Structures are given as structure tokens and as C-alpha cells.
Amino acid sequence: QVQLVESGGGLVQPGGSLRLSCATSGSNFRIFTIAWYRRAPGKQRESVAVITRVGTTNYADSVKGRFTISRDNARNTGYLQMNSLKPEDTAVYYCNADVSRIGAPGSVNYWGQGTQVTVSS
């Protein structure tokens, strides 16, 4: 069983920065796509950024130029660097990953438990 654990959330002033991490537990697996989603109060969950195993990235228009997604394949860890944060970035941020057991076909999609990001003065 693979578990995703987010960390790095917190309270930050507008214009500030945070770096979220998505760590994995378990062994003998490989992570393919890693994605970050967020859900703001009263809103639906939305995709923020995604990165493939080879490093191809895609971002929501609302975060382009401010957020950077990255990964460390050796550590099976994903990151989301968030700069120039705005109050509208306030949300619970979730890590999502497609995981395959080494030597087994197919993949399974996993979610983390979420980490709160609050942007406020």
C-alpha cells in the first residue's frame, strides 16, 4: 500500500511563498504522473499543476508564472513551489499520483490527506 503525505502548508501573507511537499511511503513502486489539486471553501476541487515522470508540466491559468511543480524520482517525492501568493490561493491542497508496483501491470491512483494553505494579512 502506498500513502501520500503532504506537508508545507500554513499561514502566509499576500505576496509570500510556501513550498508544499508530497512524500510517499511504501516500497517497490514507481510514480508516474504527480498532480496538485486544491479546494477552496465553497468551491469545487480544481487542478493546479501536473508533472509527468519525464518532467513535462502543465498549470492552471490562475497559477502560471507563480507556481512551479517539480519532482524527485529517486525519492518518489513531489513538490509545489508557490510564490506571489494571493488570498484567492487559500485552499486545502491535495497531492495526487498514479503509482505502479514494479513488475506489476497497470497503475493505481492515490490521494493525500491535504494540507491547508491560508493567504491572509
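Student: In this predicted model, what share of the contacts in the chain with a separation of 6 or more comes from residues 24 or more positions apart?

Tutor: That share is 56%. L18 gives you a case to look at: L18 and L85 sit 67 residues apart along the chain, yet 8.2 Å separates their C-alpha atoms.

Student: Which residues count as being in contact with L18, leaving aside its neighbours within four places in sequence?

Tutor: The list is G8, G9, G10, V12, L80, Q81, M82, L85 and V117. To make that list, a residue needs heavy atoms within 4.5 Å of L18.

Student: Why is L18 called buried?

Tutor: Its relative accessible area is 15%. Across the chain, 41% of the 121 residues count as buried.

Student: Where does L18 sit in the secondary structure?

Tutor: Look at strand β3, which covers residues 18-25. The chain as a whole has eleven strands and zero helices.

Student: How many positive and negative side chains does the chain have?

Tutor: There are 13 positive and 7 negative ones, and the centres of the two sets are 5 Å apart.

Methods: Residues numbered from 1 in each chain as written. Predicted model: local features only at pLDDT ≥ 70, side-chain atom pairs only at ≥ 80, totals over all residues. Heavy atoms only, no water. Helix = DSSP H or I, 4+ residues; strand = E, 2+ residues; numbered from the N terminus. Buried < 20%, exposed > 50% of the residue type's maximum accessible area, 1.4 Å probe, protein only. Lys, Arg positive; Asp, Glu negative; His and termini not counted. Charge placed at Lys NZ, Arg CZ, Asp CG, Glu CD.
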